[in-house]
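Biologist: I am new to reading protein models. Could you walk me through this one, feature by feature?

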Amino acid sequence: MAGSGRHAVHRTMVLVDVERFSAPGRTLHHQLDTRAGLYAVVAEALAAAGVSWEDCHHEDRGDGLFLLVPPEYPKAPLVEVLPEALVRAVRGHNNTSHDSARVRLRLAVHAGEVALDRRGATPTALTDAFRLLDTAPLKDALASSPGVLAMIVSRLVFDDVVRHCVTLDPATFRPVQAAVKEFQDLAWIALPDHPYPADSTVLTPRPPDTPAPQTASAGPVATGPAASPVTDAGYDGPGPRGVHIAGDVHGSGSGITIGAATGDHLTIGTPPPSAQQPHNPR
């Protein structure tokens with residue numbers, strides 16, 4: 001088996017989860033029908049994207065499943081074709097199923113190194129993919145959508161695949177900060193059957209956890225027509241320094257002198273000329 005043992009191989013990860021699988025209205029009979037429908041619609045959508053079910057490693061998760069797609073399959077169809085095909089298949093299933101067996105799905109697409117042993121897959125990247133699938137913004141997006149599918153892609157998939165898609169508009173995705181347990185990263189959400197309005201301004205977002213740009217300089221800077229570096233003979237450590245005003249401020253015009261409580265002074269700009277005493281000839 002490729003990727004078995006202690007060596008990992010690159011795989012694209014496709015994870016699908018049924019919304020409210022354990023809702024009170026779903027009896028065991030309804031859950032069995034839901035699971036059968038889930039496998040049918042995923043296999044149909046995968047085939048539409050040109051991926052063979054037999055070539056993928058897949059595992060059941062009760063209310064969902066995940067697939068590891070071999071690296072020889074391109075990623076673009078998994079975000080361009082698969083979601084729309086999944087929507088069509090889900091609508092077909094829902095039209096012929098009992099109300100309690102109908103489904104709405106969350107879909108996550110990620111990629112990374114995966115190691116497989118005889119018990120299954122155990123990569124950090126797959127754990128991250130499950131965190132994406134379980135993040136609150138994705139659940140909220142599906143809950144507020146009239147459609148049947150909400151998709152989230154990782155930062156890697158968005159930057160390497162979605163931004164370069166020919167038939168998919170990346171401006172219809174929305175950036176979110178995915179945070180579940182110890183996982184936290186920027187991700188992107190789309191609603192394939194009820195897309196967000198295209199907005200190109202979202203394509204260069206500042207992640208929510210990025211600190212605001214620093215406007216203060218690393219140390220005190222004198223400004224004005226005759227500005228010169230300011231030194232502090234009593235400071236010998238690294239890092240930014242500040243000026244604490246503890247005394248009086250003197251002067252006006254282009255120069256201001258700050259008198260500290262210690263008696264030291266800092267002059268910013270050119271100090272005003274001394275007042276001239278009137279000449280009094282005798």
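**Reading the model step by step**

Modeller: Gladly! Leaving out residues up to four places away in sequence, Pro 71 touches His 10 and Arg 11, where contact means heavy atoms within 4.5 Å. This is a predicted model, in which local features need pLDDT of at least 70 and side-chain atom pairs count only at pLDDT 80 or more, while totals for chains, interfaces and linings use all residues. Residues are numbered from 1 along each chain as its sequence is written, and side-chain values use heavy atoms, with hydrogens and water left out.

Biologist: Where is Pro 71 placed?

Modeller: Pro 71 sits in the loop between S3 and H2. The letters come from DSSP runs, numbered from the N terminus: helices (H or I) have at least four residues and strands (E) at least two. Pro 71 is also 9.6 Å from Ala 111, C-alpha to C-alpha, although 40 residues separate the two in sequence.

Biologist: How do I read the sheet, and in what order do its strands come?

Modeller: Two strands pair if DSSP finds at least two bridges between them. Here 7 strands form an open sheet with mixed pairing, in the order S2-S3-S1-S4-S7-S9-S8. Strand S2 (57-60) and strand S8 (174-180) are at the edges with a single partner strand each, so one side of each has no neighbour in the sheet. From one strand to the next, the twist averages 25°; axes are lines fitted to C-alpha atoms, for helices over the stretch in contact, and angles run from 0 to 180 degrees between N-to-C directions.

Biologist: How many bridges join S1 to S4?

Modeller: There are 10, and the two strands run antiparallel. For instance, Val 18 has Leu 105 in S4 as its bridge partner.

Biologist: Which strands does H4 lie across?

Modeller: H4 lies across S1, strand S3 (64-69), S4, strand S7 (149-154), S8 and S9, and runs at about 165° to S4. Arg 131 belongs to this helix, which covers residues 124-133. Setting aside residues up to four places away in sequence, Arg 131 touches Val 180, Lys 181, Glu 182 and Phe 183.

Biologist: Is Arg 131 buried or exposed?

Modeller: Buried means under 20% relative accessible area, exposed over 50%, and partly exposed in between, using a 1.4 Å probe and protein chains only. Arg 131 has 16% relative accessibility, so it counts as buried.

Biologist: What is a salt bridge, and how many are there?

Modeller: It is a side-chain nitrogen of Lys or Arg within 4 Å of a carboxyl oxygen of Asp or Glu. By this rule there are 9 salt bridges. One of them joins Glu 19 to Arg 104, with the closest N and O atoms 2.9 Å apart. These partners are 85 residues apart: Glu 19 is in the loop between strand S1 (9-18) and helix H1 (28-48), and Arg 104 is in the loop between helix H3 (82-95) and strand S4 (105-114).

Biologist: Which residue forms a salt bridge with Asp 193?

Modeller: That is Arg 91, with the closest N and O atoms 3.0 Å apart. Asp 193 lies in the loop between strand S9 (183-190) and strand S10 (249-250) and Arg 91 in helix H3, so the pair ties together parts 102 residues apart in sequence. Asp 193 is buried at 18% relative accessible area, whereas Arg 91 is partly exposed at 36%.

Biologist: And how about Asp 99 and Arg 102?

Modeller: Their side chains meet in a salt bridge of 3.3 Å, N to O. Asp 99 counts as exposed at 54% relative accessibility, and Arg 102 is partly exposed at 37%.
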